[in-house]
Structures are given as structure tokens and as C-alpha cells.
Amino acid sequence: MAAKIKKGDRVVVLAGKDKGRQGNVLKVLPKDERVVVEGLNMVQRHTRPTQSDPQGGIKNKEAALHVSNVAIVDSKGKPTRVGFRVEGDKKVRVAKTTGEVING
């Protein structure tokens with residue numbers, strides 16, 4: 001299936017503890033149907049000291065969200081679904097609310 005959400009897209013969270021907050025997609029995990037969003041769904045990890053991190057301790061990091069719980073933000077700042085359209089010889093992503101092409 002074609003990727004509706006890609007790395008670098010601006011998304012809004014639709015469900016969960018960060019509902020309504022926006023951020024940029026850092027990583028897409030297509031096998032697990034999950035995305036990692038910058039600064040959202042933060043969890044604490046207890047890490048053991050290593051050579052690269054001799055301090056160790058409690059670290060904050062982003063956890064993955066299910067792709068169904070995020071939506072792309074359109075040009076007006078509203079969440080939108082994604083469709084596809086063929087323009088010339090290219091298949092492009094299109095915002096369902098405005099009909100505009102999503103760059104990326």
C-alpha cells in the first residue's frame with residue numbers, strides 16, 4: 001500500500017494522551033504500522049551506563065504511535081485524510097479537505 005504519511009510530514013495526534021498536539025514525523029515503521037513524532041508520546045527509559053553514555057540514568061524519548069491515530073495537517077492547519085491523484089506521469093498525495101497536493 002502506498003505511504004500516506006512520510007518522514008518530515010507535519011501531523012496532528014487524533015487519540016491518546018497527546019490528542020490535539022502537532023509535530024513532525026521523525027520515523028515511519030511500515031511493518032508495524034507506526035510512526036514516531038518529534039516531541040510527542042514521550043516515555044522514560046532507564047538506561048544502564050555504557051561507554052558511549054557513561055552517566056546512564058533515566059532518559060526521555062519518543063515512543064511510536066499507531067498510524068491510525070495521526071493525521072496530516074493541511075495548509076489551513078486542520079487534520080486531513082490523504083488521497084492520491086496522477087498528475088502527468090507522477091502519482092501525488094492530495095489533501096482530501098482542500099484538494100491541494102501535499103509536497104514531499
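Which residues does T80 touch, not counting residues up to four places away in sequence? They are A71, I72, D74, A95, K96 and T97. Contact here means heavy atoms within 4.5 Å.

This is a predicted model, in which local features need pLDDT of at least 70, side-chain atom pairs count only at pLDDT 80 or more, and totals for chains, interfaces and linings use all residues. Residues are numbered from 1 along each chain as its sequence is written, and side-chain values use heavy atoms, with hydrogens and water left out.

**T80 and its surroundings**

T80 sits in strand β8, residues 79–80. Strands (E, at least two residues) are DSSP runs, numbered from the N terminus. The side chain of T80 reaches the backbone nitrogen of T97 at 3.2 Å. A95 is 15 residues from T80 along the chain, yet their C-alpha atoms are separated by 6.1 Å.

How open is each residue? Buried means under 20% relative accessible area, exposed over 50%, and partly exposed in between (1.4 Å probe, protein chains only).

| Residue | Relative accessible area | Class |
|---|---|---|
| T80 | 5% | buried |
| N41 | 14% | buried |
| E38 | 43% | partly exposed |
| E33 | 47% | partly exposed |

**The core**

The largest nonpolar core has 13 residues. A nonpolar core is a set of buried Ala, Val, Leu, Ile, Met, Phe, Trp, Tyr and Cys residues joined through side-chain atoms within 4.5 Å. I5, V11, V35, V37, L65, V70 and I72 have the most contacts inside this core. Strands β1 (10–13), β3 and β7 (70–73) each supply at least two of its residues. In soluble globular proteins, nonpolar side chains tend to be buried together.

Take V35 as an example. Leaving out residues up to four places away in sequence, V35 touches I5, V25, K27, V28, A63, A64, L65, V67 and V70.

E33 lies in the loop between β2 (22–29) and β3. E33 has a positive phi of about 55°, although it is not a glycine. N41 lies in the loop between β3 and β4. Phi of N41 is near 55°, again a positive value in a residue other than glycine.

E38 is also in the loop between β3 (34–37) and β4 (42–47). Beyond its neighbours within four places in sequence, E38 is in contact with G23, N24, L26 and E62. E38 and N24 are 14 residues apart in sequence and 5.5 Å apart in space, C-alpha to C-alpha.

**A pocket**

The second largest pocket is lined by 13 residues. A pocket is an open set of points on a 1 Å grid over the protein atoms alone, where a 1.4 Å probe fits, with protein on both sides within 12 Å along at least five of seven lines; lining residues have an atom within 4 Å of a point. I72, V73, D74, I102 and N103 lie nearest the pocket's centre. The lining divides into five nonpolar, four polar and four charged residues.

Definitions and conventions:
Helix = DSSP H or I, 4+ residues; strand = E, 2+ residues; numbered from the N terminus. Nonpolar A, V, L, I, M, F, W, Y, C, P; charged D, E, K, R; others polar. Polar contact = N/O pair within 3.5 Å; in protein donor to acceptor, adjacent residues only side chain to side chain.
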